[in-house]
Amino acid sequence: MTTAPQTRPAPVGFAEALRFWLQLGFISFGGPAGQIAIMHTELVERRRWISEQRFLHALNYCMLLPGPEAQQLATYLGWLLHRTWGGIVAGALFVLPSLFILVGLSWVYLRFGHLPVVAGLFYGLKPAVTALVLHAAHRIGTRALRNRWMWALAAASFLALFAFDTPFPAIVLAAGLIGHFGARRWPQVFTLGGGQGSAKASYGPALIDDDTPTPAHARFSRRRLAQVLGIGLGLWLAALGLLTIQYGWQGALTQMGWFFTKAALLTFGGAYAVLPYVYQGAVEQYQWLSGGQMVDGLALGETTPGPLIMVVAFVGFVGGWGQQVLGPEALFLGGALAAAVVTFFTFLPSFVFILAGGPLVEATHGRLGFTAPLSAITAAVVGVILNLALFFAWHVFWPQGFAGRFDLGACAIALATGVALFRFKLGVLPLLAGCAGAGLLLSSLPGLR
C-alpha cells in the first residue's frame, strides 16, 4: 500500500492551470459523469489542488443549476483557484476543443455523407461510452453513497426514472427536501462526503483543503454580485441586439440565439433532459435539421470530448448550412458562425451562475443546513446516471428494439471496455482508440456481428 503525502502541494500558477484545463478539454470523454470522474481523479486524487469535500460541495451546487454540470464545475474550480479569469479560462477551454472538433465533423458529415468507415468507428465507440458511464456511476457512487440511506435514495431515484419516467427536476426537489428535513433528525446521515478526514486519509492534504479559509475573491459581496449579473445581462443583450440589427428578429441566427437562451435557462438535468426540448424546437418548430440528422448529431456528441450538450453546435452548424445564413457561396462559414452563436448563448448563463453564485456557495461550506440537501441530491444523481447507462445499453445492444436481434459484437466491446476500466484502469483515450478499431474490424466482417 502507498502512503498518502503529508505535505500540501505547492501553489498552482495560472500557466500550469491553463495547461491542465486545455488538456481536460481534449480528454473529457464519457459525458458529465465521466468528465466529473476525470476531474476528481486529476484534481482531488493526483494533483491535490482541492479536497474531496470542497470538490463535492461545488459539484452539488452545479447539480442544481440548469446547464452542463461538468463544465460549470470546471468553471467553479478555475474561479476558486485563480479568480474570475481562472473561471472563464477553465470553462471556455472545457468547451472550445469540442466546438472546433464538432464544426469539422459536421462539415465532413454534410459534405461527404455517411462513409462506411465512420459507421464502423461509431459501432465501436457507442458500447465504449456505455461502459464509461457505468464506470463513472460506480466511481461517484463509492464516494457519495456512504450509508444505507444514501443507497436508498440512489435506488429510489433510479426506480423513479426507470419505472415511472419521473421528470428529473421532481427527483432533485424530492431529494433536496429529504436532505433538508432528514438532517434535522439524523444529521450524521447527510454529512457531506461521509465525514471529516476521509479524503485526507486517502490522498493527503490539499492546496484548498477542508479547513482552508475562503479566498478573498470568493467572499460574498453585493456589489460584486450586481457587477457579474450586469455584465452577463449586458453581453446577452449586446449579442442578441447585434444579431437583430444585422439579420432581423426572424432571422435564423437571431432565433437560434433566443431559442438556445431558453434552452439554457428553462431546462434542468443535464444534456439528456434538454435534448427533447432541443429536438422539439430545432426539428419540429424551426426545421433547422431533420430528425435523422438530430440522431446523427447526438452520436457525434457522444463520441467527442466536452459536454454532451455540445450537440447544439451540430444543430447550429446544420441549421446555418441549410438556411444559408451567409449565402450559398459561404456554406461552411455560415454553419461555423451558427455553431458559434448557439454555443455562446447556451453557455453564457453557466458562467453567470458560477461567477455570481460561487461566493454564496463558499459561504455555506460546512453548514449542514445547506449541504444536507445537496448531499441527498448527489446520492439521487447516482441513480440517474445508472439509468442513463442502461438507456445506452438498451439502444446499443438492441439497435432495432427488443423485438430485433441482440448485437453480440457491441456487447463484447462493452464487456471488454468494462474489464479494461474496472480491472486494469486503462485511460480514456487509448480505450476509445482500441474500441474504435474493434468497431471498424467488426463492421467490415458482418458475419461476426
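## Packing of α3 and α4

Helix α3 passes helix α4 in a right-handed crossing. In this predicted model, α3 covers residues 52–64 and α4 covers residues 69–112. The two helices pack at an angle of about 135°, and their axes are 9 Å apart. An angle over 145 degrees would count as roughly antiparallel and one from 65 to 115 as roughly perpendicular; α3 and α4 are therefore oblique to each other.

On the α3 side, the contact is made by Phe55, Ala58, Leu59, Tyr61, Cys62 and Met63. Their partners in α4 are Glu69, Gln72, Leu73, Tyr76 and Leu77. Sorted by class, this contact has 9 nonpolar residues, 1 polar residue and 1 charged residue.

## Cysteines

Cys62, one of the α3 residues that meet α4, has a relative accessible area of 0% and is buried. Cys435 has a relative accessibility of 6%, and because the limit for buried is under 20%, Cys435 also counts as buried.

A disulfide is a covalent bond between the sulfur atoms of two cysteines. The structure holds 0 disulfides.

## Thr343 in α14

Thr343 lies in helix α14, which runs over residues 331–363. Is Thr343 buried or exposed? With 8% relative accessibility, Thr343 counts as buried.

Which residues does Thr343 touch, once its neighbours within four places in sequence are left aside? The contacts are with Val95, Leu99, Met310 and Ala313. Helix α4 spans residues 69–112, and Val95 and Leu99 carry numbers within that range.

## Ala216 in a loop

Ala216 sits in the loop that joins α8 (198–203) to α9 (222–247). Its relative accessible area is 57%, and since exposed means over 50%, Ala216 is exposed.

Ala216 and Pro359 are 143 residues apart along the chain, while their C-alpha atoms are separated by 9.8 Å. Pro359 has a number within 331–363, the range of α14.

## The chain overall

The secondary structure of the chain consists of 17 helices and 0 strands. The chain has 449 residues, of which 55% are buried.

Among contacts in the chain with a separation of 6 or more, 76% are between residues 24 or more positions apart.

Note on methods. Residues numbered from 1 in each chain as written. Predicted model: local features only at pLDDT ≥ 70, side-chain atom pairs only at ≥ 80, totals over all residues. Heavy atoms only, no water. Axes fitted to C-alpha atoms, helices over the stretch in contact; angles between N-to-C directions. Helix = DSSP H or I, 4+ residues; strand = E, 2+ residues; numbered from the N terminus. Parallel < 35°, antiparallel > 145°, perpendicular 65-115°, else oblique. Left-handed = near helix turned anticlockwise from the far one by under 90°. Contact = heavy atoms within 4.5 Å. Nonpolar A, V, L, I, M, F, W, Y, C, P; charged D, E, K, R; others polar. Buried < 20%, exposed > 50% of the residue type's maximum accessible area, 1.4 Å probe, protein only. Disulfide = S-S within 2.5 Å.
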